[in-house]
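I opened a new structure today and kept notes as I went. Here is the page, entry by entry.

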Amino acid sequence: MPRIDLRGFASRVSRFHVKSVYAAMLMVVAGGLVVPALVASYFLLVVQERQNTVAELNETLQRNAEILALGMQESLWNMNTEAARPLVDSVMRDPSVVRIQVRGLSDNGFIDVRAPERARGNVLRAERRIMMENERIGDVTIEMDDLRSQRELRNKQRSYALVLAVQVTVSLLLILAFLRKRLHAPLRTLAGFSDRLSRGDFDTPLLLDVPGELGRLGTQMEAMRVAIRDLFVDVKDNEMRIQGLLAEQDAILDNVMFGVVITRDRHVVSVNRRTEQLFGYPAGSLVGRPSSVFFLSGEDYAASESEFFGRLVRGDDTSHERQFRCSDGSLRWCMVSGSSIDSGRPELGNVWVFADISERKESEEKLRLSATVIEHIADGVAVVDVAGTIVTVNPAFTHITGYEAEAVVGKSWSVTRSSRHDQEMYWAMWRQLSETGFWRGELWNTRKDGETYLEWLTVSTVRDDAGKVTHYVGVFSDITRLKESQEKLDYLAHHDPLTSLPNRLLFNDRLLHAIGRATRVSQQLAVMFIDLDRFKNVNDTLGHHVGDELLKQVAQALGQRLRDGDTLARLGGDEFIVLLEDVDGSYGAGQVASKMMALFEQPFMVAEHELFVTGSIGISLFPANGQDANLLVRNADLAMYQAKSRGRNGYQFYSPEMDGEGVERLRMEALLRRAIERKEIFVHYQPQVDIQTRQLIGVEALVRWHNPELGLVSPVRFIPMAEDTGFINQIGEWVLFEACRQMRRWDEAGLTVPKVAVNLSVRQVERGAMTVLVAQVLEETGLAPRRLQLEVTESVIMNTGDALAFVHELHAIGVGLAIDDFGTGYSSLAYLKQLPVDVLKIDRSFIKDIAVDSNDEAIAIAIIQLGKSMNLSVIAEGVENEEQAAFLLRHGCTRAQGYLYGRPVAPEVLLEEWGNRNDERHEHAGRGSGA
């Protein structure tokens, strides 16, 4: 076979490229047409147009600055942002404007408007002085970005480039059409031949019969094809044999359940598919990586190499369990073993085999944890086999039953069985276990000492992989004391602790059942509401212990006038209620009421005091006056108030005329006046916090009223009523005392509340003498004046004549003052400046929609800035989400209260919640100092 001179062939091809007509024409086209066009386009489209764009944008920027400087003179002079806003908005409509800032000489932010966040280019800035009568009154700054100008420039450049491309394309097509006939066909034949050679087709000959240099090239390439074809015939036979062997090896390695890794010079040279799946690497990505890629750290790899390379040299067993790192950083347990390619030099290359044992390790860990839990759990655990024999028990089983594990293991599960249950109950338990695999319930069992106890037992079925039952697991706890406590609590929940009579809950339950029975047999019922007249006088003059004893004697006397089937209950205070079943209408009820009125004609001897007490009774009948329990009780209550309004010491039957708003209001007023005496009024506290640190800075005391009949009455209902009737003064005085006393209780419990805020009503302010009352409260409770803050609404401050003197008197004794609901009234800033006010509270109505209402946002910012300018603290009310809190903090308001930080809660709840947080802070502080 003749030898091919490849160097000579390359030299001839190079000379052909230089001398050929096709190459020369391409060089002429590139040098004479394309390059000049590109150079000219660059200077025209890039340099010149960019300069024009920058000049135009700068001109617009300067013009806008001049317009704003002129347009802002009047508005800035008058500090009228509303007048300036239209001009700013009109300029901001230009998408290129990024920011407009107008400042006065005092460097206060008159207007600062920013465009919404978006993609921006280079930002240009222009500043102008704002002159008024040749006097500088401020500055205006405008910023514009060139993003839109750059986009327009790029669009223009693309248009020019398209035209140029069309021109160059047409010229090239004309030139190529000229060259096609002479050069295209031969070159296409040669290119097709070259492609066949690159695809390995050495059998198809080159058919090119042209004169000249292309003909000579074709002849040489045909000779080369023949030579390469003969060479590949020999190589192909050997390659097929090698590929067959490699395919067999890869198939074996890729289908084994173990990962196989081959390393050389501490780098991975080959892995099977299982290795990539095991450690989560893409196919082929492990090859070339260092061997340490599987290990937890470089130190872990070095320690492993130091230990196991020695074993490989000695020929010892290298099998061991170890954690390896996957591609995502997770760890996986594997059993690994290896061998050296060169037994004397393991560092040159090794073969390692990995077996995944993660599931086994997890199972072992779960078993260990389960055993630990069962060992230390407070509930007793017993495992029983299908024959009912106890297999194992935990220590809690011994603690509850008294049986040691050795005494019950191997014995029947009935070793603790008591005689309180019949056999049928146990059969029912086993039937349910057989059907559902689960049983739960109460069971009486016997301890080792013979004492019976009640346990709450849960039994679960354990099955093997085939679904066959192998064991039963019983978990139980001793609920004997709990059951006794529940029974006691149930009695206390349904009976009055003073008189042992049924309470409202039990009475309502009996009334509901009685209505059901009466409906079925067409009987009549009567409900009698009894209220002792002027009973408060007994408590006030002789003491509550005498009043309690009197109530017990009255209850006993009332019960003696009733039949065995009737129900007498105490609703609270001096109120009793009677249920008469199967009564003979108004006649029968009247007879019983007369007996009770006769009872009150006799004196009661209490603590050597002869006491006369009378009662007012209201009666409603079923079904004439109502067919549900609540309506019957309500109507009897209304009738009782009618009896009181008619001189007391008598009884009245309900009539429809007693309904109406007036009666309801009278009733609520009467209930409200007795609310403090009956301890129905209470105080909840809502935390006030530092927004940034979430630290408690104070609480606001909020009065609440829970009436047994009306339920929880909204302050919106009873506060206006209390103000109308003047009872707000008693409520306010009680709340002030209670809030200060509670602050002292928190101090004793270890919770430091910096300040408590108490609301004052307009009636309290108008009444006067508040300063004397506040001083008395502080003296009696021992609370520091600085820890008490009184809150009055904005309207009270502005509309009360002597508010200024009132506020200064409170300030003189050291008490703080906060203006509540600020922004909802009409404040005089000049008047406000004279007041020693400490805090402004932003009304919740401005906070609610602060994220979506620009007006609320502006008002809130204005109040915050006003507070800063007057050195006042600002607290935002009604903060309910993090977005509102972030807005307030961003604008300088660092204090807030609202549902985000806590609802109004009872004092013990607040102590539990915030006391734990204080403990955590002290604990962290202690750790920090220790470190």
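Predicted model: local features only at pLDDT ≥ 70, side-chain atom pairs only at ≥ 80, totals over all residues.

The entries below start with the whole chain and then move to single elements.

**Entry 1: the whole chain**

The protein chain averages a pLDDT of 82, and 87% of the residues score at least 70. One stretch I set aside: residues 922–931 have a pLDDT below 50. Beyond near neighbours in sequence, that stretch makes zero contacts in the model.

Next I looked up the overall make-up. I found 29 helices and 30 strands in the protein chain. Of its 931 residues, 41% are buried. I also looked at contacts between residues at least 6 apart in sequence. Of these, 59% join residues at least 24 apart.

I turned to an open sheet of four strands, with the order 2-1-4-3. The pairing is antiparallel. Which strands are at the edges? They are strand 2 (109–114) and strand 3 (123–131), and each pairs on one side only. From one strand to the next, the twist averages 10°.

I then followed one pair. Strand 3 and strand 4 (residues 136–145) are joined in the antiparallel sense over nine bridges. I picked out Arg125, whose bridge partner in strand 4 is Glu143.

Helix 3 (residues 81–92) lies across strand 1 (97–104), strand 2 and strand 4. It runs at about 25° to strand 2.

I went through the pairs one at a time. Strand 7 and strand 8 (residues 331–340) pair in the antiparallel sense over six bridges. Glu321 has Met335 as its bridge partner in strand 8. Arg325 stands opposite Leu331 in strand 8. The hairpin of these strands has five residues between strand 7 and strand 8. In that hairpin, Gly329 takes a positive phi near 95°.

Strand 8 also pairs with strand 9, in the antiparallel sense, over seven bridges. There I noted Ser339, with Val351 as its bridge partner in strand 9.

**Entry 2: helix 11**

Helix 11 (residues 423–436) has 14 residues. From its first C-alpha to its last it reaches 20 Å, close to the 20 Å expected at 1.5 Å a residue.

Which of its residues are buried? They are Tyr426, Met429 and Leu433. Why do I put them on the same side of helix 11? Because they cover an arc of only 55° around the axis. The face turned away from that buried side carries the exposed residues Ser434, Glu435 and Thr436.

I then looked for the cover over the buried residues. It includes strand 12 (438–446), strand 13 (452–463) and strand 14 (469–478). Just after helix 11, Gly437 takes a positive phi of about 80°.

Thr461 sits in strand 13. Is Thr461 buried or exposed? Its relative accessible area is 17%, and buried means under 20%, so Thr461 is buried. Leaving aside neighbours within four places in sequence, I listed its contacts: Leu433, Gly437, Val469, His471 and Tyr472. Leu433 is one of the buried residues of helix 11.

Gly450 is in the loop between strand 12 and strand 13. At 49% relative accessibility, Gly450 counts as partly exposed. I also looked up Thr401, which is 49 residues from Gly450 along the chain. Their C-alpha atoms are separated by 9.6 Å.

Definitions and conventions. Residues numbered from 1 in each chain as written. Heavy atoms only, no water. Helix = DSSP H or I, 4+ residues; strand = E, 2+ residues; numbered from the N terminus. Expected span 1.5 Å × (residues − 1). Buried < 20%, exposed > 50% of the residue type's maximum accessible area, 1.4 Å probe, protein only. Arc of directions from axis to C-beta. Contact = heavy atoms within 4.5 Å. Pairing = 2+ DSSP bridges. Axes fitted to C-alpha atoms, helices over the stretch in contact; angles between N-to-C directions. pLDDT = per-residue confidence, 0-100.
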